[in-house]
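Subject: A structure for you to look at

Hi there,

I am passing along a structure that you have not worked with before, and my notes follow just below it. Please open it first and keep it beside you as you read.

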Amino acid sequence: MSKPDSLQGSLDLLVLRILSRRPGLHGYAIMSTIKDWSSDVLRADEGSLCPALHRMEEAGWIRAKWVTKDSGRRARIYELRAAGKERLDAEESRWQAVTSAVNRVLRTV
Amino acid sequence: MSFWSRTANVFRSDRLSREIDEELQRHIADAIEQGRDPAEARRAFGSVLRNREESLDVRLVAWLDSLRSDAVFSWRQLMNRKVTSGAAILSLALGIGACTSAFRLIDALLLRPLPVSHPERLYSVVFEGAAGADGRVSTYDSCSYPMFRQMRAAVKDQAESVAVSYAERIDLTYGRDEEMEKAYRQFVSGWMFDSFGLRPSLGRLLTEYDDVTPDAYPVAILSHDYWTRRFAQDRNVIGRTFRMGDDLYQIIGVAEEGFTGTETGTVTDVFLPMMMKNPRTLASTTNFWLRTLVELKPGAAAEPVRERLRATFRGIQQERAKSFIGMSKRRLEQFFQEKLLLEPAGSGRSNLQRDYGRTLLALGILAMLVLVIACVNVANLMTAQAAARAREMALRVAIGAGRWRLVQLVLVECAWLALLATAIGGWFALWSAPFIVGMINPPDNPARLMLPADWRVAAFSLALACGVTFLFGLAPAMRASAVRPVSALKGGSAPHSRGRMMRTMIALQVSFCFVVLFVAGLLATTFDRLTSQPIGFSPERIINLEALAQRPQPPVYWDQVADRLRAVPGVEKVALTVWPLMSGEAANGAISVNGAPASEVLSDFLRISPGWLDTMRIPLIDGRDFSAADTNPPVAIVNQAFARQFFNGENPAGKWFENEHVRFQIVGFVRDARSRDDMRRPIRATAYVPFNTVDSRGAFVPMGRGTFVVRTRTANPMALASILRHEVPRAGSAIYITNIRTQVEISLAHTVRERLLAMLAMFFAAVAVLLAAIGLYGVLDYGVLQRRREIGIRLAIGAQAGDIARQVTAEAFSMVLVGAIAGIVLGMASVRYIETLLYEVKGTDMGMLIVPSLTILAAASLAALPAMIRAVRIDPVKMLRAD
């Protein structure tokens, strides 16, 4: 049903990392940041980013608040919580372990 | 935290949805702002609804949310059909309320453990006699004090034994003699409180040392309940004294809250040490006045303790038999057949339990049957409604609802019904349970049952509500969920199987209804037979003044008081006796005629003054009434049962008999009058002797107690009660009145249980018939509604009205028949269990079977009438055009 996802289960890691560097981004900004920082390689699917943000909020990793921007429009911005920082570390080391394992497999002749 | 916040989100899901929507809209707007093509951006985003649902699902507990929305939806459904829902809820509430009420009573009387530290280790010593003439085994639980001591010593290392006297309503005063008041007194072993692990609310409790030497420590413990009622929890009550008989007692403590003695159904007010009982009674081996409770020590088993007690009891029996003189061989054999048993007494032990245990159980089962009948109605209603909603259900399945979701939808609706019914039923039980306890009360001895509405009752109601929900909800729910969307949406598939299930339900309902009617008929007949048997005297307008003398007074003093009462306006006649007729008190003795050995059958003895027979309206058959000059001995008046028993039914006037070597001449012969309180036994042989008793030297014996029997001119004798009460002390302060009861009140008290049973059973029977009739009406009406097209066609091609009516009702009536036959079988099987509650009526009596059958037949015919009329009145033209 869901569209092919180019992120291969790393969406949480990317969102957490982005929010740790740039707190206070809203949903669309997070999506654009993923695209920009990966030089257009990675694309978060709109349909999966929103539920993911809500899931992480419910899990207590990130917190959301509504702010009114200068233009007068309301936006829901996100920032990292303490539990999210821990989660980020765990996710990052997991990612490192997985990629190095995959690399080892690829290099084995 | 996460689960709680997700649970909380269930109840603010609307706001959550709005927020998610807004965020999603913002998102798309941002994308467009960034220069994306609006249509493309929306397309890339996918379905807004699905996005929202997915986001929402992670924010809340999904199953709870579905439950919530089902609850809201089915609440609306119920509100749409206020009348049917109301009727269903009310009939369920009646059933649930009756069941809860029965449970409260059974729990309070039989199940609830005493508030002692180890109720499960508590046993009561019970003796089982040999089978009597009627084949029934009689049991008793009374012991003498020496017997208790022997038994206690025998099992000392395995169990602690506690002696408790029967709770008695006695007179005591905290001030002057004129201010006598009633209180329930129990003599208990001093170590009872300690071994039960009870703590004082105030002061100290009795100890072993208060209970060593007879008459040494006149101390008393109040129950917390009495302390609250009588003294408003005044802490200065410690050290106060009260007088009871000739003894002065000092209050030394108040027992733990909640402990009201060991006699369930009576709230003991005052606990006294065993040793304060009259020394003669304490030493007597023949005065059986206490119960023995045995508390096993940790780790001890009941069997070895019982075996040891049995051995001790055999020794006691042998010792007692030595003092028996002139007892027949058969009686002696029976005496040695008596067997000691240990019965669990964790919830106390009382006569109320014995007398009302089975009664309440029978009522509970009747209530349960009524509840099932009500459930069947609701089940049929739900089935019919599920059928009407087949299209809605099919639509739900078609757009992806799971079967379970449909089951849940119907069950939630049933749960609403059950919940509302439980709430109303709980309220009903709240007042009906105390109401029934109030009806148990004989006027002189009010039963007081602690009826807390605590977690036990709440848990029972909740379990009942759940059970009921599944009982009537599961079948319709399964059926509704099994809907086939294609055929249902196409319309027109005739659900015949549904009708079959409903008809099976009708058979079930009818059979239960029959059982309720049958049992109610038996109980009502029992009550009728008991109350319509002749008692041999006229209880109307009679009031009994039971009096005690501080010190025994000579007969002439009692006569003076009687004379004063005769002078009161409104008084017709006054006579003296020892206790009122049918009060439950009796004295008896063996009779010997013409020097023959003493009889095995005993005769009752009652002392009466001249004019008593006339006052009670007991007619003389031969001879004369006593005169003022007659004394006891040597004259007596006997009744017909006496003549039958000892004189082969001949007129005994003028003859002689002997009682304990004292000779009596029979000067009068009277008709039978009921003297004892057991209405199920025949009237006993009774010898009346003069109130004025002389000893062997011919001197008058002073009297300690007596009862003034007053026949008033007014229809309501109680109106004179206070005047009469105040008249007694005017003759001098030696005698005071302890109790005033009308004779009607005393007579009625002996059929209290039967009246209660008959009344409630009749009430349940009426409800059962009503519910069953409504159920049958509903099913038939629904059947006609379903088949209206078919009936229309039949009518159009010339069917007769009679044929149609027969067709519509034939199947249902065969079900009624099946149900009735099943009911007869069930009823016959159940009679065994209520046999002890019946009197002179058998389950096999034809009348007992015919009346319920006719009632059900009449109710069924009445219930079928509207459906038949509706079927016959169907207009074929209109019906066929409509489709």
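A word on confidence before anything else: pLDDT is the predictor's confidence in each residue, on a scale from 0 to 100. You will need it here, as this is a predicted model. The average pLDDT of chain B is 84, and 96% of its residues reach at least 70. For the model, the scores are ipTM 0.75 and pTM 0.76. One caution applies in general: where pLDDT is low, the predicted coordinates should not be read in detail.

Chain A

Let me begin with chain A, which has 109 residues, 28% of them counted as buried. Its C-alpha trace spans about 60 × 30 × 25 Å along the principal axes. You will find 4 helices and 3 strands in this chain, and from the N terminus on they follow the pattern α-β-α-α-β-β-α. If you take the contacts in chain A with a separation of 6 or more, 52% of them link residues 24 or more positions apart.

Where the chains meet

Next, the contact between the two chains. Chain B brings 18 residues to this contact and chain A brings 13. On the chain B side, helix H1 (2-10), helix H2 (13-33), helix H3 (38-45) and helix H4 (48-59) each supply at least two residues. H2(B) gives the most, with 6 residues. By type, the chain B residues that touch chain A divide into 6 nonpolar, 6 polar and 6 charged.

Chain B

- B:Leu309 sits in helix H11 (residues 302-322) of chain B. This residue counts as buried because 24 other C-beta atoms lie within 10 Å, and the cut-off is 20 or more. Apart from neighbours within four places in sequence, B:Leu309 is in contact with B:Val125, B:Met151, B:Ala154, B:Val155 and B:Leu340. Its C-alpha atom is 9.2 Å from that of B:Leu342, which is 33 residues away along the chain.

- B:Thr383 belongs to helix H13 (residues 351-388) of chain B. Is B:Thr383 buried or exposed? It is buried, because 25 other C-beta atoms lie within 10 Å. B:Thr383 and B:Met478 are 95 residues apart along the chain, and their C-alpha atoms are separated by 10.0 Å.

- Strand S14 (residues 571-577) of chain B is mostly covered, with 5 of its 7 residues buried. This strand is joined by 6 bridges to strand S22 (residues 703-712) of chain B, and the two run antiparallel. One of the pairings is that of B:Val574, whose bridge partner in S22(B) is B:Val710.

- B:Ile856 is part of helix H27 (residues 846-872) of chain B. With 25 other C-beta atoms within 10 Å, B:Ile856 is buried. Leaving out residues up to four places away in sequence, B:Ile856 touches B:Val510, B:Cys513, B:Phe514, B:Leu517, B:Val816 and B:Ala820. The C-alpha atoms of B:Ile856 and B:Leu770 lie 9.9 Å apart, with the two residues 86 apart along the chain.

Happy exploring, and do write back with any questions.

Best wishes

How values were computed:
Residues are numbered from 1 along each chain as its sequence is written. Chains are lettered from A and ligands numbered from 1 in the order in which they are written. This is a predicted model: local features need pLDDT of at least 70, side-chain atom pairs count only at pLDDT 80 or more; totals for chains, interfaces and linings use all residues. A residue is buried if 20 or more other C-beta atoms lie within 10 Å of its own, exposed if 12 or fewer, and partly exposed in between; C-beta atoms are placed from the backbone. Two residues are in contact if their C-beta atoms, placed from the backbone, lie within 7 Å. Ala, Val, Leu, Ile, Met, Phe, Trp, Tyr, Cys and Pro count as nonpolar, Asp, Glu, Lys and Arg as charged, and the others, Gly among them, as polar. Two strands pair if DSSP finds at least two bridges between them.
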